[in-house]
Amino acid sequence: MKIKVCGLKHPDNIEAVAALSPDYMGFICYSRSPRFIGELDEDILAKLPDHILKTGVFVNASVERINKTMNKYGFEAIQLHGAETPDNCAMFRSKVIVIKAFGVDEDFDFTRLENYANKVDYLLFDTKTVAHGGSGKTFNWEVLNRYTGDVPFFLSGGLSLENLAEVSSIKHPMLYGVDLNSRFESAPAVKDVNKLKEAFNIIKTFNNK
């Protein structure tokens with residue numbers, strides 16, 4: 001089970017989270033988010049260990065802006081969290097790992113994901129909100145049984161110390177990783193490292209089963 005910690009922007013906090021060795025660290029490049037990285041110094045990300053995949057999160061950004069930001073921060077992965085089409089996603093795959101995020105609710109039509117097969121590397125299922133994530137709310141994980149594709153996915157949306165152990169009961173063969181964000185914060189973009197340590201220990205028990 002891979003671990004992605006998303007929504008970081010403060011240098012000291014970035015360094016502290018990196019010391020926990022997540023597989024992915026997400027940096028939100030969407031100005032309407034309270035976790036927007038703004039003018040974060042690129043040298044901060046350049047110091048991250050090579051095994052951590054630096055991930056830029058974008059919402060309906062232009063190709064030019066994504067490329068410019070990718071180059072500035074050396075992102076090895078991007079997460080597209082808006083209405084990006086399969087072809088929009090595919091144009092970046094020669095450069096970085098591409099994760100396409102979808103807001104999920106009870107009425108989500110999983111057949112729409114068929115067009116993203118062979119266009120993205122991973123999917124991410126988050127709780128559907130008007131704010132494109134970061135709500136701290138979960139969705140009904142039973143709807144994941146309706147996903148029959150072969151693109152691996154991250155589970156996001158309201159994961160916390162209170163419900164994280166329940167993720168081990170999800171037996172979907174394409175479940176690839178978890179995305180930890182707002183429920184592990186003391187303030188927006190300020191991760192609680194002690195909570196994350198507990199979460200990492202819980203997730204390690206999944207991997208040992």
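**Entry 1: aromatic cluster**

I began with the rings and found Phe 102, Phe 108, Phe 110, Tyr 116, Phe 125, Tyr 147 and Phe 153 linked by ring pairs into a cluster. I note here that the model is predicted. I then looked at what lies by Phe 102: the charged end of Lys 100 sits over the Phe 102 ring, 4.4 Å from the ring centre.

**Entry 2: other ring pairs**

I looked up the count of aromatic pairs, and the structure holds 16. I checked the geometry of Phe 58 with Phe 75. Their ring centres are 6.5 Å apart and the planes stand at 80°, so I logged the pair as edge-to-face; the cut-off for that label is over 60 degrees. Phe 58 belongs to strand 3, while Phe 75 is in the loop between helix 3 and strand 4, so I wrote down a link between distant parts of the chain, 17 residues apart.

Are Phe 58 and Phe 75 buried or exposed? I found Phe 58 buried at a relative accessible area of 0%, and Phe 75 buried at 5%.

Next I took Phe 154 and Tyr 176. This aromatic pair is also edge-to-face, with 5.2 Å from centre to centre and 85° between the planes. Phe 154 is in strand 7 (residues 153–155) and Tyr 176 in strand 8 (residues 175–180), so the pair ties together parts 22 residues apart in sequence. I recorded both Phe 154 and Tyr 176 as buried.

**Entry 3: the barrel**

Eight strands close into a barrel, in the order 1-2-3-4-5-6-7-8, with parallel pairing. On average, neighbouring strands of this sheet are turned by 30° against each other, direction ignored.

I looked at one pairing in detail. Strand 1 (residues 2–6) and strand 2 (residues 24–28) run parallel and are joined by three bridges. Within strand 2, Tyr 24 stands opposite Lys 4.

**Entry 4: helix 3**

I then asked which strands helix 3 touches. Helix 3 (residues 63–73) packs on the sheet and touches strand 3 (53–58) and strand 4 (77–80). I noted an angle of about 155° between the direction of helix 3 and that of strand 3.

I listed the buried residues of helix 3 as Ile 66, Asn 67, Thr 69, Met 70 and Tyr 73. I compared this list with the helix repeat: an α-helix has 3.6 residues a turn, so residues three or four places apart point the same way. The buried residues of helix 3 pack against helix 2 (42–46), strand 3 and strand 4.

Last, I checked what follows helix 3 and found Gly 74, with a positive phi near 65°.

Definitions and conventions. Residues numbered from 1 in each chain as written. Predicted model: local features only at pLDDT ≥ 70, side-chain atom pairs only at ≥ 80, totals over all residues. Heavy atoms only, no water. Pairing = 2+ DSSP bridges. Helix = DSSP H or I, 4+ residues; strand = E, 2+ residues; numbered from the N terminus. Axes fitted to C-alpha atoms, helices over the stretch in contact; angles between N-to-C directions. Contact = heavy atoms within 4.5 Å. Buried < 20%, exposed > 50% of the residue type's maximum accessible area, 1.4 Å probe, protein only. Phe/Tyr/Trp six-rings, centres within 6.5 Å; stacked < 30°, edge-to-face > 60°. Lys NZ or Arg CZ within 6 Å of the ring centre and 35° of its normal.
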